[in-house]
Each structure stands twice: as structure tokens, then as C-alpha cells.
Amino acid sequence: MGLGGMHMKSTKTKRKFTLDEIYEILKTEGDLPAEPYMSGSGIMRGLFVPGIGKYDVSISTMGKKIICSEYVRQGEQMKNIGTSFLTNGWSDILDKQSKDNKNVTDLVGAEIERLFQNRE
């Protein structure tokens, strides 16, 4: 996050998928580094794969696209903002967990692509 920007990967699909469909397919057919989980309710409901340190990978949909992006885990956002503010953004640039989590985001994105790109 911060000055380096948020790492994300987008996959075009042949049809729209719901978060519930994505979750079930990932749980039963996916080969992910960690078990996906759903969190929240209503419009705040989200699908995540645990990442490294304070980060998770968020999975969302937008029409016929599935988007994987880096996400600061619930409860860590204010601490992250404070640290970034106090270090004038340097903590974002030097954040090794964020760099390592980009690999997790890429792995999840590749698995999403494998499972959903050609699925009817």
C-alpha cells in the first residue's frame, strides 16, 4: 500500500460469479497457500485468503472479472496508517511483509485464473 501502490491481479471470466461460488470452488478445487475464508455481512462481506504478516489477499468480483488484491487485515489498518504517517511513508516502501505478500497475491491470482478463466 502507500507509495508503492496496491498489488492486484485481475482475471476475465466467461460469466459472472458470486463470492459464494468462488469460495466453494476455491475450497473444493483450489490449490492455495492457505484456506480461504469469508468475513463480514451484507455489502461488507468479503472473501479472503490469509497472506503474510498483517496482510491478506482480498478476492472480489466486478462483472465478468475476478480481482485479487493485497489487503491490510482487519484491525491493522489504523496502526498501518499511523506508522506510515510517522515515518513519512518510508514504512510502506520498506515493508518486507508487503513485498512477500505480493508473491501470495500472485499465487492466488494464478489459481483464480486456472480455475475460472475458461469456466462456464
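## Chat about Thr 105 and the rest of the fold

Q: Let's start with Thr 105: buried or exposed?
A: Thr 105 is buried, and its relative accessible area is 0%. Buried means under 20% relative accessible area, exposed means over 50%, and partly exposed lies in between, using a 1.4 Å probe and protein chains only.

Q: What kind of model is this?
A: This is a predicted model, where local features need pLDDT of at least 70 and side-chain atom pairs count only at pLDDT 80 or more, while totals for chains, interfaces and linings use all residues. Residues are numbered from 1 along each chain as its sequence is written, and side-chain values use heavy atoms, with hydrogens and water left out.

Q: Thanks. Where does Thr 105 sit, and what does Thr 105 touch?
A: Thr 105 belongs to helix H4. Leaving aside residues up to four places away in sequence, Thr 105 touches His 7, Val 57, Cys 68, Ser 69 and Glu 70. A contact here means heavy atoms within 4.5 Å.

Q: Let's zoom out. How many helices and strands does the protein chain have?
A: There are four helices and five strands in the protein chain, following the pattern β-α-β-β-β-β-α-α-α along the sequence. Those elements are DSSP runs numbered from the N terminus: helices are H or I with at least four residues, strands are E with at least two.

Q: And how much of the protein chain is buried?
A: Of its 120 residues, 35% count as buried. The accessible surface of the protein chain is about 7,200 Å², and carbon and sulfur atoms account for 55% of that. Those areas come from the Shrake-Rupley method with a 1.4 Å probe; for residues, only the protein chains shown count as cover.

Q: Which residues touch the most other members of the largest nonpolar core?
A: That core has 18 residues, and Ile 22, Leu 26, Ile 59, Val 108, Ile 112 and Phe 116 touch the most other members. Two or more core residues come from each of helix H1 (19-29), strand E3 (46-50), strand E4 (55-62), strand E5 (65-72) and helix H4 (96-116). A nonpolar core is a set of buried Ala, Val, Leu, Ile, Met, Phe, Trp, Tyr and Cys residues joined through side-chain atoms within 4.5 Å. In soluble globular proteins, nonpolar side chains tend to be buried together.

Q: Pick Leu 26. What does Leu 26 touch?
A: Not counting residues up to four places away in sequence, Leu 26 touches Leu 32, Pro 36, Leu 47, Ile 59, Ile 112, Leu 115 and Phe 116.

Q: And Phe 116, buried or exposed?
A: Phe 116 is buried, at 0% relative accessibility, and lies in helix H4. With residues up to four places away in sequence left out, Phe 116 touches Thr 13, Phe 17, Ile 22, Ile 25, Leu 26 and Ile 66. Phe 116 and Thr 11 are 105 residues apart in sequence, yet 7.9 Å apart in space, C-alpha to C-alpha.

Q: Switching topic: what's the volume of the largest pocket?
A: About 230 Å³ for the largest pocket. On a 1 Å grid over the protein atoms alone, a pocket is an open set of points where a 1.4 Å probe fits, with protein on both sides within 12 Å along at least five of seven lines; lining residues have an atom within 4 Å of a point. Points are joined across faces, edges and corners, and the volume is the space filled by probe spheres set on them.

Q: Which residues lie nearest the centre of the largest pocket?
A: Out of 14 lining residues, Met 44, Arg 45, Gly 46, Phe 48 and Tyr 71 lie nearest the centre of the largest pocket. E3 and E4 are the elements that give two or more residues to its lining.

Q: One last one: where is Arg 15?
A: Arg 15 is in the loop between strand E1 (8-12) and H1, and is partly exposed at 29% relative accessible area. Arg 15 touches Glu 21, Lys 64 and Glu 120, not counting residues up to four places away in sequence.
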